[in-house]
Amino acid sequence: AFCAHCIVGGERLLVPDATQDERFFDNPLVRGAPGVRFYAGIPLRSIDGLALGSLCVLDTVPRQLSANQLDLLGDAAQLANREITRREATLRVRTTTESSLAAGLAALERQVEQRTRELSHAHTQLQTLTDHLPAMIGYFDPELRYRFVNEAYRVAVGKASRDIISHSLAETFGPGKAHEIERHVKRAMRRRKRVSFEMPLAFPDGTMHYGAVTLIPDIIEDRIVGFHSIVHDITERRTREHATRLEARRDTLTGLPNRRAVQERLPRAMASADRRGGVLELLFLDLDGFKQVNDTLGHDQGDLLLKEMARRLRAAVPGAELVARLSGDEFVVIARDDTGHVQGETLARQILADIAAPMQLAGHRVQVHASLGIAVYRAGSGTSPTHLLRAADMAMYEAKRAGRNQYRISPEIR
């Protein structure tokens with residue numbers, strides 16, 4: 001759609017921010033992968049003026065090109081048009097008669113000489129243009145040896161051009177990283193079209209970055225002659241996504257993992273117990289007296305109490321697999337013992353004692369207790385995470401009915 005607008009318009013097309021452009025804001029390439037934000041294109045035409053396509057530059061972040069960059073883009077488009085006309089001229093030469101062959105060959109020789117000079121100039125122009133782009137841009141041949149890299153590529157690899165050009169992927173990145181890239185190269189060869197993937201990149205300064213890589217097969221006359229490589233640094237995006245994932249699994253008040261984290265971690269902990277043997281103990285506790293604190297001292301003081309209880313829980317079971325707040329005044333502890341010894345009762349007594357220690361809130365001496373239920377999972381028992389959690393919950397209510405400040409072990413799963 002971007003290039004179509006450029007070709008139909010017949011002149012240079014600049015889109016600084018596609019999300020703000022009414023022509024493109026709902027384009028699938030903008031709304032989804034690869035998330036195009038910036039586009040700059042110039043139409044390419046044949047000798048007879050037929051619109052063939054466009055020379056374009058895209059990016060996943062909005063940007064404004066300087067006058068110098070616009071000139072470079074224009075120069076690159078002129079070079080591309082010259083290449084098109086050269087190829088057209090070459091084809092026309094092939095159709096000449098025998099009588100004009102000598103003249104055509106002479107003209108072709110002059111064109112080759114001119115083209116050689118132009119290519120040298122074009123390479124310089126291309127190098128200058130790509131060196132000012134934030135993406136890593138490279139080109140390697142079918143033997144996976146580099147033929148071109150820009151400045152961002154050289155910075156990321158930490159090597160000069162002479163130490164990259166004509167060297168293989170393995171020589172540039174090391175065997176491990178090269179093997180990872182080669183898998184995607186083979187995928188691009190099979191599909192005969194671009195492939196995209198993400199991979200970690202260790203920069204020379206020791207920092208770890210993440211790159212969104214696009215490999216584009218260079219196909220001439222139905223033969224793959226090389227691969228264009230474009231890598232965008234997505235480290236900031238990955239960091240934001242990771243922070244968002246963590247935030248979605250964290251209780252904002254206490255800082256403990258939340259219910260969603262329990263739902264994800266409990267099945268993994270049970271699967272680990274199945275593989276390694278031993279037992280997994282789930283402790284489900286509910287505070288006794290929390291509602292009274294909320295009603296008499298207010299929700300702010302109630303929040304302080306919950307934070308203190310969370311701190312005490314973490315301190316009471318430092319080796320636990322997980323300490324989490326389910327909701328309200330309900331907490332869960334997942335403890336694992338690979339030796340097969342059941343430690344739940346010892347942990348329960350420690351937790352009940354720590355929870356019952358008095359504290360000061362708004363000048364008042366406050367003491368709460370807890371009712372605690374224990375469910376034990378043994379490797380290979382086949383109990384589901386939902387069943388295990390329900391069993392611990394029911395045991396907690398049994399402790400609460402027995403007088404509170406007590407613990408009970410689920411009779412279903414022991």
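## Nonpolar cores and helix packing in a predicted model

The largest nonpolar core of this predicted model has 33 residues, and those with the most contacts inside it are L285, L287, L305, F331, I351, L372 and I374. A nonpolar core is a set of buried Ala, Val, Leu, Ile, Met, Phe, Trp, Tyr and Cys residues joined through side-chain atoms within 4.5 Å; buried means under 20% relative accessible area and exposed over 50%, with partly exposed in between (1.4 Å probe, protein chains only). At least two residues of this core come from each of β9, α10, α11, β11, α12, β12, β14 and β15. Helix α11 gives the most, with six residues. Apart from this core lies another, of 25 residues, among them L144, A156, M199 and L201.

Residues are numbered from 1 along each chain as its sequence is written. Local features need pLDDT of at least 70 and side-chain atom pairs count only at pLDDT 80 or more, whereas totals for chains, interfaces and linings use all residues; side-chain values use heavy atoms, with hydrogens and water left out.

The chain holds 13 helices and 15 strands, which are DSSP runs numbered from the N terminus (helices: H or I, at least four residues; strands: E, at least two). Of its 414 residues, 43% are buried.

Several elements named here have the following residue ranges.

| Element | Residues |
|---|---|
| β9 | 279-288 |
| α10 | 290-297 |
| α11 | 299-316 |
| β11 | 330-337 |
| α12 | 344-356 |
| β14 | 369-378 |

In α10, the buried residues are F290, V293 and N294. They lie on the same side of the helix because they cover an arc of only 100 degrees around its axis, taken from the directions from the helix axis to the C-beta atoms. K291, Q292, D295 and T296, on the other side of α10, are exposed. The cover over the buried residues of α10 includes β9, α11, β12 and β13. G298 follows α10 and has a positive phi, near 100 degrees.

Helices α11 and α12 pack at an angle of about 145 degrees, with their axes 10 Å apart. Axes are lines fitted to C-alpha atoms over the stretch in contact, and angles run from 0 to 180 degrees between N-to-C directions. M309, R312, L313 and A316 of α11 meet Q350, I351, D354 and I355 of α12, contact meaning heavy atoms within 4.5 Å. The residues of this contact divide into five nonpolar, one polar and two charged. Leaving aside neighbours within four places in sequence, I351 is in contact with L283, L285, L313, A316, V317, V333 and L372.

Methods:
Ala, Val, Leu, Ile, Met, Phe, Trp, Tyr, Cys and Pro count as nonpolar, Asp, Glu, Lys and Arg as charged, and the others, Gly among them, as polar.
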